[in-house]
Amino acid sequence: MSETQVLNKITVLREKFHELGKFGISLAIDNFGRGNSSFSLFRYLQFSEIKIDTSFVQGCASNAGNSNVCKSMIQIAHNFARKAVAVGIETGEDAQELANLGCDAVQGYIFGKPMTDRQLMTMVTAGRAQSKNFVGSNTWDVSPRAS
């Protein structure tokens, strides 16, 4: 849900969040920072993450203002025990900057374009066949490697 949608329906959402949680459903606030941010979102709604708007994410490695905004949003998310997700990453430099700032997850065209579930499964299957980190069909080899 976008931040603006949440603000417009906060009373209704507050009533529904408890019910959704019973079924293991969590929500993220999308486009965070683009709308009229309100700290009441953090106080009243148990969403799982905020998605930092692409307008702040893109160029954060080269623009101190964008970097500071991203850093502040990441800190806000963490202060309220939420995850911070940077949306719209298109360069390795921006991805690295966000990692350095402590961002929990990133998404963007640099990692992959939107795809159907069939395309995703084909990509995962091909990657699994080529990867040394996959053992068997459903387990990952996470044992320490000798240096």
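Visitor: Where does S67 sit, and what makes that place a helix?

Guide: S67 lies in helix α5, and helices here are DSSP runs of H or I with at least four residues, while strands are runs of E with at least two, all numbered from the N terminus. This is a predicted model, where local features need pLDDT of at least 70 and side-chain atom pairs count only at pLDDT 80 or more, though totals for chains, interfaces and linings use all residues. Residues are numbered from 1 along each chain as its sequence is written, and side-chain values use heavy atoms, leaving out hydrogens and water.

Visitor: How do you know whether S67 is buried or exposed?

Guide: Its relative accessible area is 9%. Buried means under 20%, exposed over 50%, and partly exposed in between, with a 1.4 Å probe and protein chains only, so S67 counts as buried.

Visitor: What does S67 touch beyond its neighbours within four places in sequence?

Guide: S67 is in contact (heavy atoms within 4.5 Å) with C60, E97 and L101.

Visitor: Which residues of α5 are buried, and where do they fall around the axis?

Guide: The buried ones are N66, S67, C70, M73, I74 and A77. Taking directions from the helix axis to the C-beta atoms, these residues fall within an arc of 130°, so they line one face of α5. A64 and N79 are exposed on the other side. The cover over the buried residues includes β1 (28–32), β2 (49–52), α4 (54–57), β3 (83–87) and α6 (92–100).

Visitor: And α6, which of its residues are buried?

Guide: They are D94, A95, E97 and L98. E93 and N100 are exposed on the face turned away.

Visitor: What makes α7 lie in the open?

Guide: Helix α7 spans residues 117–130, and of its 14 residues the number buried is zero, so α7 lies largely in the open.

Visitor: Why is a set of residues called a nonpolar core, and which have the most contacts inside the largest one?

Guide: The name is for buried Ala, Val, Leu, Ile, Met, Phe, Trp, Tyr and Cys residues joined through side-chain atoms within 4.5 Å. The largest such core has 23 residues, and those with the most contacts inside it are F47, I50, I52, V57, C70, I74 and L98. Elements giving two or more residues include α2 (10–22), β1 and α6. The largest share, four residues, comes from α5.

Visitor: How many disulfides are there, and how do you know?

Guide: A disulfide is a covalent bond between the sulfur atoms of two cysteines. The test is a pair of cysteine sulfur atoms within 2.5 Å, and a search of the whole structure finds zero.

Definitions and conventions: Expected span 1.5 Å × (residues − 1).
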